[in-house]
Each structure stands twice: as C-alpha cells, then as structure tokens.
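Colleague: I have just opened this one and could use a guide. Could you walk me through it?

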Amino acid sequence: MYSLILHGKRLVQLQKCRHLSVPVNLLEKASPFSNSFSYANATDASLRAGRKGLSFSVSYLVDSLGLPKKVAESISKKVSFEDKGNPDSVLSLLRSHGFTDSQISNIVTDYPQLLVADAEKSVGPKLQFLQSRGASRSELTHIVSTVPEILGKRGDKTISIYYDFVKEIIEADKSSKFEKLCHSLPEGSKQENKIRNVLVLRELGVPQRLLFPLLISDHQPVCGKENFEESLKKVVEMGFDPTTSKFVKALRVVYRFRDKTIEAKVNVCKSLGFSVGDVWAMFKKCPSFLNFSENKIVQTWETLKKCGLLEDDVLSVLKKFPQCINASEQKILNSIETFLGLGFSRDEFAMIAKRFPQCLILSAETVKKKTEFLVKKMNWPLKAVVSTPAVLGYSLEKRTIPRCNVIKALMSKGSLGSELPGMSSVLVCTNEEFLNRYVKNHDDKEIVPELMAIFTGDRVS
C-alpha cells in the first residue's frame, strides 16, 4: 500500500507538469476499466415531495438563510417541508450553540436533512454530548459545520469516533508539514476499515472536502479492505488526479462493478461504433458514465438518431458530453421541440447538438430566454446561434447582458457603424479580450469610464 501511495503522489506531480497519457491497452487487460459502479439516484426524494412542500421549502431557505434560489431549489429536491416549525427549531438550536449564519448555511447546504430532524430529541442531545466531552464552542462549530453529517450518526461512541478523527485531520492539515496519522480501532470493524482507508486517501493527496463525505457515508468504497485496495490501485494506474472529485467518482465506480459487468458495458459501446479508447476517454471525462445500464446507453443512442443526428454525429455528441446519457428520452425529445419552436430547422438542431451537446439538458425556459434575447433584443440571426451554440451555456445576467449593453451603447453613439458585430466576437472571448476590443480602445477617454459602468452594471444602458 505504501508503494501505491508513492505512485499516486508521483502521478499528481506528473500531472502538474504535463497531461498524463495512459495506454489504451490498460483497459483491455485486467478489466476494461475497473470494478464497481454505484449510481445514486438523487431525484427519488424530489419525486416523493409535493409541489406545495417544494415551493414552501424554497421560499423558506431563501428568506431564512439568504440562500440563492438555485441552491434552495437543489436542497428542496433532497428534503422538503410544509411549515417552518421544525426548521425554525433546528436553526434556533444551532444559533444558541454559537453557529454563525455562514456556518448554518454551509450545514444546511451540505446536510439539508438536519432541517427535518428533531431538534429537542436528536440534534440537541448530540451537541450537548460533544460539549460534555470538552469541545469548546469554536471547535464544535468549526468541526460540525465542516462535516455536519456527524449529527446524523447514531450512538455516542460512533459520534465520538468520527468527531475525533475529523478533528485530528483538521488539526494535522493546519501544519505546513504533512503529518502522518494512525488510529487504533478493533481490527476488521467498519470504523477501522473506513478510517484506515481514508488515511490512505489522505496520504495520496485527496483533500478534506472529498475525504469527509467518504468517511461519514455508509455506502462508499472506503468500507471494505481488499476490494478497496484493488480498486484504488486501478484508479491510480488509470491516471486520475487524487486532488480532484473525478478521482473519488472513479473509485466509486471501480469499487462496485465486477470486471464482467464492465466488459458488458464496453462491448455495448463497441457495438455502437465506439473504440475501447473512446470509452476510456469518456470515462476519464465523466467517471459516472459507466454507471448507466447497457439499455440506457442504447436508448440514448437511438433517441439522438430520432432527433435527426447521423451515427457519426451521435458518436461525436456522446464523446464530447457523455453526461447526456443521464437525460431521459422525453427530455431529449422535448429539447428538439423547443429548438424547432424557436425557428431552428432539424438540421440546425443537429448541428447545435453536435457543437454544443450540453444543449440537450438545458431547460426549455433557459433555451427560449437566451435565444429570444440574442435574436429579438440584439437582432443576431438564428444562424449565428447555430454557428456559436456555446452562447446558450453562458450566464445571461453575468456575461451576455453586460456585454450586449456595451455593444448597444456603442451602436447608439455610432462608434461601431451601422453593422452589428458578430456574436462570437462579442460573447466567446474572455472578459479581458472583450474590454480591450470594445471598451478600452477608444481615443475619447471620457467614454471609457461610461462603458465600464455599463459593463459592470453601475448604470443602466
């Protein structure tokens, strides 16, 4: 295991200097990829939640905690409630123990289930227990806000083990010199396996934000021993960077699937026209890609063909954006209807999907709002969107509108002539390039502050 850690650290150093290339034949040996994939269906809770509960939950999270609406909507898919009684009790309890609003926001974002826990019978006694062990207020609030799932554990002994381990890692990581940690727990126990494996990942360079969720969950690859070591070796040899979330996602996938299962998935992909190298590249890009069943992969392939894409186009789309396999058949079919309704032809939709596959998972509202702004407000033709479909992925409020406000101001002053600049010239470039091209290049220096004010939103154009 020690040699594996050293190998993992060397890989991290190599990746800092150059892109690590892994031979395709690695996939053709012990396993096409790895071992075991687990796909957590994050939408189950949202399907059970009623519309009323979801709506109230979102409003409550925005009003009580000041969370952005998108964050609140994401949280409401995991937990919902129809009145503020229980959430208010939990928030009041946390504040009484010294948690700041920022820490409470982090807790709710990372572990929203706490809002529906019993403040008096569950959350309160656990906080009191940790304090009774000598935890200071500052220590308690810091550790719990870092790993709030601790409050979801049962039993004083289990809570103590996880709390102390998290505390030890946080304290050790404060030192500029890496400190190796060791723990003594009953051999073969679940906690012993998890803590040993988490320590191995820590030595590889996996950061706290990825380590702690692995430690707390009961359904992760760190629970085993031999299978963990084999899976970790494969992921390290594949060249995944331990400092990234993709490393952990790949480890989950490799840990759960047997070689035979992986081979079946790879063979299905090969039957559709992908090479083993293509499948490897897709896995590197999106490790959860092979969590999808063979039927789901084939279904997505067939659905894209129904949308008018040729087989080569489908290959291109899935290579660029394997995440779209997660989209339902209806979602993809609705996507083409949205584009057709905006005036695009089927051939143009196929071109957009090929150039910007992410369009397949954008909501109809997003596509309509952005397209109508570009075409109706800015007078760019639909063909410009076809040529540069990545603009559909840009933030309307943070990128598109500020830049377009500058362009409209320049047009009104006659500084750009009568012809509207190309869409890619305005939107595809970096902020620095845009400012140099349209704001800072004027001889009349009085106009520069005015344009900067429009760009930053200090004044309405």
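Colleague: Which helices do the buried residues of α25 pack against?

Modeller: This is a predicted model, and in it the buried residues of α25 pack against α22 and against α24, which covers residues 431–438. The buried residues in α25, a helix running over residues 447–456, are Ile447, Val448, Leu451, Ala453, Ile454 and Phe455.

Colleague: And what follows α25?

Modeller: Glycine 457 follows α25, and its phi is positive, near 85°.

Colleague: Where is a positive phi found in a residue other than glycine?

Modeller: Asparagine 379 has a phi near 65°, which is a positive value in a residue other than glycine. Asparagine 379 sits in the loop between α20 and α21, the latter being residues 382–387.

Colleague: Is asparagine 379 buried or exposed, and why?

Modeller: Asparagine 379 counts as exposed because its relative accessibility is 60%, and the cut-off for exposed is over 50%.

Colleague: Let me step back, then. How many helices and strands does the chain have?

Modeller: The secondary structure of the chain comes to 25 helices and zero strands.

Colleague: What about the largest nonpolar core, how many residues does it have?

Modeller: The largest nonpolar core has 139 residues, and those with the most contacts inside it are Leu201, Phe247 and Phe434. Helix α9, residues 156–173, gives the most to this core, with eight residues. As general background, nonpolar side chains tend to be buried together in soluble globular proteins.

Colleague: What does phenylalanine 247 touch?

Modeller: Leaving aside residues up to four places away in sequence, phenylalanine 247 touches Leu201, Leu204, Val206, Leu232, Val235, Val236, Phe240, Asp241 and Pro242.

Colleague: You mentioned α9; what else goes with it in covering the buried residues of α8?

Modeller: The cover over the buried residues of α8 includes α6 (101–110) and α7 (119–132) along with α9. In α8, which spans residues 137–146, the buried residues are Glu139, Leu140, Thr141, Ile143, Val144 and Ser145.

Colleague: Changing topic, what is the volume of the second largest pocket?

Modeller: The second largest pocket has a volume of about 620 Å³. The elements that give two or more residues to its lining are α4 (69–76), α20 (364–377) and α22 (396–413), and α20 gives the most, with four residues.

Colleague: Which residues lie nearest its centre, and what classes make up the lining?

Modeller: Among the 17 lining residues, Lys70, Leu362, Ser363, Thr366 and Lys370 lie nearest the centre of the second largest pocket. By class, the lining has eight charged, five polar and four nonpolar residues.

Colleague: What does threonine 338 touch?

Modeller: Threonine 338, which lies in helix α18 (residues 329–341), touches Ala364, Val367 and Lys368, not counting residues up to four places away in sequence. Threonine 338 counts as buried because its relative accessibility is 13%, with the cut-off for buried being under 20%.

Colleague: Last one: where is aspartate 88, and how far is its C-alpha atom from that of alanine 119?

Modeller: Aspartate 88 is in helix α5, residues 85–96, and its C-alpha atom is separated by 9.3 Å from that of alanine 119, a residue 31 places apart from it along the chain. At 28% relative accessibility, aspartate 88 counts as partly exposed.

Definitions and conventions:
Residues numbered from 1 in each chain as written. Predicted model: local features only at pLDDT ≥ 70, side-chain atom pairs only at ≥ 80, totals over all residues. Heavy atoms only, no water. Core = buried A, V, L, I, M, F, W, Y, C linked by side-chain atoms within 4.5 Å. Buried < 20%, exposed > 50% of the residue type's maximum accessible area, 1.4 Å probe, protein only. Contact = heavy atoms within 4.5 Å. 1 Å grid on protein atoms, 1.4 Å probe; cavity = no way out; pocket = protein on both sides within 12 Å on 5 of 7 lines; lining within 4 Å. Points joined across faces, edges and corners; volume = space filled by probe spheres on them. Nonpolar A, V, L, I, M, F, W, Y, C, P; charged D, E, K, R; others polar.
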